[in-house]
Amino acid sequence: MVLKAGVGKKHEMNMLEGPLFWKILLFTLPIIASGVLQLLFNAADLIVIGRFENELAVGAVGATSSLTSLLVSLFMGLSIGAGAAVSMAFGARRWQDASDLVHTSMALALGSGAFLAIAGWFLAPVMLKWMNTDPIILDQAALYLRIYFLGAPALLVYNTGYSIMRGFGDTKRPLIYMLISGCVNVVLNILFVAGFGLGVAGVAIATVTSLVISASLVTLALMRYDNACRLRLLALRLHPQCIGAILRIGIPAGIQSMLFGISNTLLQASVNSFGAAATSGVAAASSLEGFAFTTMTSFSAAATAFVAQNYGARHYSRIKRIIRICMLDAVVAGTSVSLLFLLFREPLLLLYLPEGPNAFPYALDRMLIVLSFYFTYAIGDSMLGSLRGINVSFVPMAATIFSICGFRLFWIFIVFPLPSMHTIMGLYTCYPISWILSATLNLCCMLYYFRRRCPKENELAEGQTLPEEETCRSVEK
């Protein structure tokens, strides 16, 4: 069966022609809004637990954040690989490729989610002990983590489906789905915690329920598409010729995120060594910082989608403009949010820690150093998203391992133990230095690989497309 583009035009965006600035902005704003909503709903978890339970309960939930990121990140790389591969196939008009990639990606998401749910259930207490989690909050943190990982299949299905939809320009409907599931999450938080007194278990159950809702809505949306990306549940299978196209980008992205998570987990373990008050304060600060983070990384996602489609269509000069616009937008947006949160950090932290004076100084110190230098992260992340769009992922992974993970490990084990540096401020000084290293290396990678992969003599004019091909081997190349 030969698939065509279909008629799902109202949900698609033409990334190959027309002005870029407004298209990138219109594409990215729903991604930012989705990320902000997700953070608001996550913040609601901490705020509700802080209001109706106590500071220790906030620490129990916050102590799991770096660990959940670590375990999920490897498999989340599959969604990044799926979105980039589908974008390239879409830009090159390889409709059968796009269909096979969709079904392979969703099958991988289901299988990976099931494995993660089982592993997370059994390993949660062991890993929390390894992270030096305070015994006072250990049992509550383990309970939250175990329930959370039961929702891993839904989490990976949602993110993979969202990445696929984003790959050809549909970012508005996932925003609506996030709003629906998030509202359910908040209502259930209040019901389970304030009404039934379930504490951290209630927050975890509400989170898993919202994940199942969002995954179901994205799956239904993909099933209703009238284009090559339409999902048919009976057609779910692993297409061997397409797995390589997904893993080529997905595995390095996942390993990179996982190693990033390892360094953050070690940082969290160092924070935990200061006690439960430090854990609670850093959890509150991290939640607020996430708003700047998701704003910047949304432009990286836009860069991947736009660059991938234009790379598939061989519109190389257009890729240059995409990279410049995405990087500038990420820096401006991230800096604006960071400055806003720095100005109002004290009243914002009071939402999380209304009765936590011991935790407050730890939160303030972290926000001051992280938000002041967040713009440097935006530069490197924009380059990283662009590199994935031209099907380059192993070298950026190595650059990240060196600049982020390697440097932070050096800092944790060599610099941080020094008496003069053994403070929260001393610990988090490694953040801006590692971001600057990462931005420099990724920029060098972008300049090198763009010249090699985007030669002018092979460029097609806007409006021209490659002939249709029916094999995923073309995507892998």
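This is a predicted model: local features need pLDDT of at least 70, side-chain atom pairs count only at pLDDT 80 or more; totals for chains, interfaces and linings use all residues.
# Notebook: a bent helix and its neighbours

**Entry 1, helix α15.** I began with helix α15, residues 394–415, and found that the helix bends by about 35 degrees at I401. Next I looked up which residues of α15 are buried, and the list includes P396, M397, A399 and T400. What do the buried residues of α15 pack against? They pack against α9 (240–272), α14 (374–389), α16 (424–428) and α17 (430–453).

I stepped back to N391, which lies in the loop between α14 and α15. N391 isn't a glycine, yet its phi is positive, about 70 degrees. Is N391 buried or exposed? N391 counts as buried because its relative accessible area is 6%, below the 20% cut-off.

I found R314 in the loop between α10 (276–312) and α11 (316–343). R314 has a relative accessible area of 33%, so I noted R314 as partly exposed; the range for that label runs between 20% and 50%.

How many aromatic pairs does the structure hold? I got 19. I picked out Y377 and W435, which sit edge-to-face with 6.0 Å from centre to centre and 70 degrees between the planes. This pair joins distant parts of the chain, as Y377 is in helix α14 and W435 is in helix α17, 58 residues apart. Both Y377 and W435 are buried.

I also looked at Y448 and Y449, an edge-to-face pair with centres 5.0 Å apart and planes at 85 degrees.

Which ring does the charged end of R146 sit over? I found the ring of W121, with its centre 5.1 Å away. In a second case, the charged end of R166 sits over the ring of Y162, 5.1 Å from the centre of that ring.

Side chains of opposite charge can pair when their charged atoms come close. I searched the whole structure and got two salt bridges. One of them joins R173 and D170, whose closest N and O atoms are 3.1 Å apart. R173 and D170 are both buried. E289 and R366 form a salt bridge too, with their closest N and O atoms 2.8 Å apart. E289 is in helix α10 and R366 in helix α13 (residues 360–372), so by position in the chain they are 77 residues apart and the pair links distant parts. I checked burial here as well: both E289 and R366 are buried.

How many disulfides does a search of the whole structure find? The search gave me zero. I still looked up two cysteines: C326 is buried, with a relative accessible area of 0%, and C430 is buried too, with a value of 0%.

Terms used. Residues are numbered from 1 along each chain as its sequence is written. Side-chain values use heavy atoms; hydrogens and water are left out. A disulfide is a pair of cysteine sulfur atoms within 2.5 Å. Buried means under 20% relative accessible area, exposed over 50%, partly exposed in between (1.4 Å probe, protein chains only). The bend at a residue is the angle between axes fitted to the seven residues ending there and the seven starting there. Helices (H or I, at least four residues) and strands (E, at least two) are DSSP runs, numbered from the N terminus. Contact means heavy atoms within 4.5 Å. Rings of Phe, Tyr and Trp (its six-membered ring) pair if their centres lie within 6.5 Å; planes under 30 degrees apart count as stacked, over 60 as edge-to-face and the rest as tilted. A charge sits over a ring if NZ of Lys or CZ of Arg is within 6 Å of the ring centre and within 35 degrees of the ring normal. A salt bridge is a side-chain nitrogen of Lys or Arg within 4 Å of a carboxyl oxygen of Asp or Glu.
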